[in-house]
Amino acid sequence: MRKLLVGLVASAAIWGGTPAIAQKAEVQLWRLDCGTVAANDLNAFSDTQAYPEQSKRLTSSCYLIRHGSDYLLWDTGLPSAMKGKPLDDSQAMDATVTLTIKEQLVQLKIDPARITHVGLSHYHFDHSGQLAEFPGATLIVGKGDWTVLTTDPASYGANPAPFAHWISGGGKVEQATTDKDVFGDGSVTMLRLPGHTPGHSGLLVRLKEKGPVLLSGDLAHFSENYASNGVPTFNVNRAESLASLDRFKKLADNLKATVIIQHEPADVGKLPAFPQAAE
Ligand SMILES: [Zn+2]
Ligand SMILES: [Zn+2]
């Protein structure tokens, strides 16, 4: 009988199901402020020129997820070197940082060395800016993005510099080829949503009280852009971008999830104000 039970649990694991006897770890989600972006030519976010002569302040957000004793940082924002830089509205696009991730971890009394995983939605500089400050973490990134970063020279505007520690073999890398169940219990899943970049990903976090939360990465950059299936001029693949939007929206409906567009200032209010966590 015992043998049979062990066999059943093992086959549940093989088939991707969570054994009923497994205790789910406690999961918490914090929103971190990872900078501000001045989009002074909003048409950059529309390859059908939907926003002539419009500008918008976007936020740059990162997320900290505690899973039991593990910590996953989702995106690492703009570079710390941009801290305090005034925004220049004469540029088509400019950015600044108010507080670094490490400064916010101090407020949470979490030693940066305790960050076990860093998951990146994609390689753009406003998402990988502070990556190098967490060299002990396992880097999880879409395979398509990793291929671009490790091809010499890197294409599609990818800057491999923040990834140097992992590219040189100094840190552990996990390349996601499809959806990735980060902790093996279904609570945190990296979603394959290509189009913005070849390996672009989103994140699904299942919280006990709040329910499912979907983090967009750069699937869309603001609410109207999301609602109208806008495709930025700088996306790598238009067809994949639209397919990913379709998938994400259906997933959000089916799960009745809280959708957070990471660059949308209005979505900041969908999670508790820092330093409070959603649970
Ligand atoms: Zn991007
Ligand atoms: Zn971005």
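Trainee: What makes β11 and β12 partners in this predicted model?

Mentor: Strand β11 (residues 211-215) is joined to β12 by 3 bridges, and the two run parallel.

Trainee: Why are β8 and β12 said to stand at the edges?

Mentor: The order of the open sheet of 5 strands is β8-β9-β10-β11-β12, with mixed pairing. Both β8 (180-181) and β12 (258-260) have a single partner strand, so one side of each is without a neighbour in the sheet.

Trainee: Which helix lies across β10, β11 and β12?

Mentor: That is helix α7 (residues 238-255), which makes an angle of about 165° with β11. The angle is taken between N-to-C directions on a scale from 0 to 180 degrees.

Trainee: Why is Lys109 called exposed?

Mentor: Lys109 has 7 C-beta neighbours inside 10 Å. A residue with 12 or fewer is exposed, and therefore Lys109 counts as exposed. Its place is the loop between α2 (101-107) and β5 (115-119).

Trainee: What is noted about phi in Lys109 and in Tyr156?

Mentor: Phi is near 60° in Lys109 and near 55° in Tyr156. Each value is positive in a residue other than glycine. Most residues other than glycine have a negative phi.

Trainee: Where are the cis peptide bonds of Pro153 and Pro275?

Mentor: One joins Asp152 and Pro153, with omega of about -5°; Pro153 is in the loop between α4 (143-149) and α5 (164-167). Another joins Phe274 and Pro275, with omega of about 10°, and Pro275 is in the segment after β12.

Trainee: Which residues touch the most other members of the largest nonpolar core?

Mentor: They are Tyr63, Ile65 and Leu73, in a core of 61 residues. Strand β1 (residues 27-39) supplies the largest share of this core, 6 residues.

Trainee: What does Tyr63 touch, leaving aside residues up to four places away in sequence?

Mentor: Its contacts are Leu29, Trp30, Arg31, Leu32, Trp74, Asp75 and Leu215. Contact here requires C-beta atoms within 7 Å.

How values were computed: Residues numbered from 1 in each chain as written. Chains lettered and ligands numbered in written order. Predicted model: local features only at pLDDT ≥ 70, side-chain atom pairs only at ≥ 80, totals over all residues. Core = buried A, V, L, I, M, F, W, Y, C linked by C-beta atoms within 7 Å. Buried ≥ 20, exposed ≤ 12 C-beta atoms within 10 Å, placed from the backbone. Helix = DSSP H or I, 4+ residues; strand = E, 2+ residues; numbered from the N terminus. Contact = placed C-beta atoms within 7 Å. Pairing = 2+ DSSP bridges.
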